[in-house]
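Look at the structure first, then read on.

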Number of protein chains: 2
Amino acid sequence: MTDHTMKQFDTELNDIRSKVLQLGGLVERQIIQAMEALNHGDLLLCEQVINTDHDVNRMEVDLDEACVHIIARRQPAASDLRMIMTVIKTITDLERIGDEAKKIAKQARALHSNDMAYVPRIELRHAADIAVSMLRQALDAFARADCSVATEVVRRDKEVDAEFKSTMRQLITFMIEDPRTISRALELLFISKSIERIGDHAKNISEYVVYMEMGRDVRHLGLEGLEREIAAKSS
Amino acid sequence: MTDHTMKQFDTELNDIRSKVLQLGGLVERQIIQAMEALNHGDLLLCEQVINTDHDVNRMEVDLDEACVHIIARRQPAASDLRMIMTVIKTITDLERIGDEAKKIAKQARALHSNDMAYVPRIELRHAADIAVSMLRQALDAFARADCSVATEVVRRDKEVDAEFKSTMRQLITFMIEDPRTISRALELLFISKSIERIGDHAKNISEYVVYMEMGRDVRHLGLEGLEREIAAKSS
């Protein structure tokens, strides 16, 4: 490559990188707004989250296309190619996070537009905060190519899982005590499941980041395997 | 490329293609076995499905690696590159189908090892049959690069969604009538959700196949948009 082509190539890679972060920021905002809409019964905000889905989808398609173009024209190798592979995988997870946020907004709309008798008092904010902070860390790990932050995200996945299980137990108790709450409890259960899935996606992204940086696919090693890899690398 | 390199390249592409179909066959079998384990309370079969997850994960990692190698060494363009992009996306969905099958097996194990009072009589076989047949069609569409079969899969996604909604309604009735069934009903609800997700993944794969064949990203066009694209292409 000439200096000029290399410079262009770098610009293109940086452009892709910053668009991934933009998409990440967009779906992060979607989750936060969906939870706000749920907590305050804000139906307009529900619609807004649902409509943002179009932007998320368009950004996903554009980014995929940009990746294909850069592979076809620049024939990247080694760490550049790993970066692009990471982007290709990451945007799928980001788009699915957007889908989960949309689902939360739809459930929130259903919960608040029906005039049902009783709302089980279930606090989902804490779980959502963990999931959002995992996503933020995963994007940060991607932006700074930081494996230790990525590992931290994988570690925290247990927290959202535990939150989900505890929510489920609480909801079962509510349902048994007062069967009139069953329909609403199920809506809340699905919201809780969506939050758990957002954590899973943040974990996936973090595992791609480790692959990008170390060239090792750590997706199915579990937390211990991942920590071993990181320790071996830094020693 | 020389004749020799081109021949090698074709062999490599074919190898990747057949490994995708192998992975697809493996997760298809996982779903079928998980449902069989559920219906017959076969705990050994549950374990078998859960353990197959390792093979699925290994095949996913190997295939991803093969794709990166072929991009780095062969610098594929146009339809070859689209095929590889399709594979990269498809294997993620296949691996997640495997995860859903594993979840079904785990729920089946929980349902049959506990000695709970009452099982709601819910028939999930029909929904599972639809999901399996969608997966089979999606793999077939990939193998034969057949957009009309792929479109058929996208069309059938509504069927699994309808099955899920009907199951949910039935389960709610059971739960209200007899709150002792609530825990079990929730296990069945999650199994039903897994089946619905398998249908979603089969739909995703089919949309990638259309991209591979037509070079058009149809993921977010909806069924009508997809049908329009196919009609425009064939006219």
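What covers the buried residues of H7(A) includes helix H5 (147-177) and H6 of chain A; contact means heavy atoms within 4.5 Å. This is a predicted model, where local features need pLDDT of at least 70, side-chain atom pairs count only at pLDDT 80 or more, and totals for chains, interfaces and linings use all residues. Residues are numbered from 1 along each chain as its sequence is written, chains are lettered from A and ligands numbered from 1 in the order written, and side-chain values use heavy atoms, without hydrogens and water.

Helices (H or I, at least four residues) are DSSP runs, numbered from the N terminus. The buried set of H7(A) is Leu223(A), Gly225(A), Leu226(A), Glu229(A) and Ile230(A). Buried means under 20% relative accessible area, exposed over 50% (1.4 Å probe, protein chains only). Seen down the axis of H7(A), these buried residues fall within an arc of 165°, so they line one face of the helix. The face turned away carries the exposed Glu224(A), Arg228(A) and Ala232(A).

The buried residues of H4(A) pack against helix H1 (3-40), H3, H5 and H6 of chain A. Among them are Ile130(A), Met134(A) and Phe142(A). Just after H4(A), Ala145(A) has a positive phi of about 50°.

The axes of H3(A) (residues 78-113) and H6(A) (residues 182-214) come within 9 Å and cross at roughly 170°. That makes H3(A) roughly antiparallel (over 145 degrees) to H6(A).

Definitions and conventions:
Axes are lines fitted to C-alpha atoms, for helices over the stretch in contact, and angles run from 0 to 180 degrees between N-to-C directions. Helices (H or I, at least four residues) and strands (E, at least two) are DSSP runs, numbered from the N terminus. Angles under 35 degrees count as roughly parallel, over 145 as roughly antiparallel, 65 to 115 as roughly perpendicular and the rest as oblique. The arc is that of the directions from the helix axis to the C-beta atoms.
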